[in-house]
Amino acid sequence: MGTWNTRGLRGSALEELINLTNEKYREKKLALIQKIPTPIKPIRIDQKTRHITLAYFEQKSTVDYIGAVQGIPVCFDAKECAKDSFALANVHPHQILFMKHFEEQGGVAFLLIHFTAKDIFYYLPYRDLEKFWVRMEEGGRKHFKFCELNPAYALPENGPVPVHYLEPLNYDLAERKK
């Protein structure tokens with residue numbers, strides 16, 4: 001599989017914000033969401049600090065987070081994007097397949113994307129991700145542009161938690177009922 005080294009800290013600030021959000025949601029009994037660790041096989045360990053300095057991913061990961069929100073199964077992956085377009089290469093085929101199967105089982109799958117240049121957090125429902133993915137597979141663009149996204153799924157700027165994804169999740173659930 002892939003290798004891990006110092007690049008492993010990419011996205012850790014976003015991850016910390018999401019972990020804090022999930023802890024607050026748990027405390028308020030709104031949701032129970034867990035970070036799914038990616039299994040690694042250590043290859044090189046610094047004997048002084050006992051830190052792993054080189055490792056291999058043992059298997060493909062599914063998504064970053066999984067759990068339940070008020071009895072609704074949810075799974076999502078967190079991504080960062082420094083541009084106004086999001087490269088679909090940042091999502092792997094096995095993740096798309098997992099999210100598809102998760103939704104087929106009655107769950108809700110989505111991406112949380114932090115567009116860092118705009119400092120906007122965005123909730124991308126799986127059905128929208130799938131449209132972009134199919135477009136790419138049919139020979140279209142290998143990315144989607146921020147302007148293609150539904151503004152209703154942007155996370156509130158001053159929510160009660162750092163990455164308040166429950167509001168767009170509620171909107172998503174309402175849209176599914178239509």
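Buried means under 20% relative accessible area, exposed over 50%, and partly exposed in between, with a 1.4 Å probe and protein chains only. This is a predicted model, in which local features need pLDDT of at least 70, side-chain atom pairs count only at pLDDT 80 or more, and totals for chains, interfaces and linings use all residues. Residues are numbered from 1 along each chain as its sequence is written, and side-chain values use heavy atoms, with hydrogens and water left out.

**View 1. Cysteines Cys-75 and Cys-81.** Cys-81 counts as buried because its relative accessibility is 7%. Cys-75, at 0% relative accessibility, also counts as buried. The structure holds zero disulfides, a disulfide being a pair of cysteine sulfur atoms within 2.5 Å.

View 2. Strands (E, at least two residues) and helices (H or I, at least four) are DSSP runs, numbered from the N terminus. Strand S8 covers residues 108-115, and eight of its eight residues are buried, so S8 is largely enclosed by the rest of the structure. On one side lie Val-108, Phe-110, Leu-112 and His-114, and on the other Ala-109, Leu-111, Ile-113 and Phe-115.

**View 3. S8 beside S6.** Two strands pair if DSSP finds at least two bridges between them. Strand S6 (residues 72-81) pairs with S8 in the parallel sense over eight bridges. Glu-80 stands opposite His-114 in S8.

**View 4. The hairpin of S8 and S9.** S8 pairs with strand S9 (residues 120-125) in the antiparallel sense, over six bridges. His-114 stands opposite Phe-121 in S9. Four residues lie between the two strands of this hairpin, and Asp-119 in the turn has a positive phi of about 50°.
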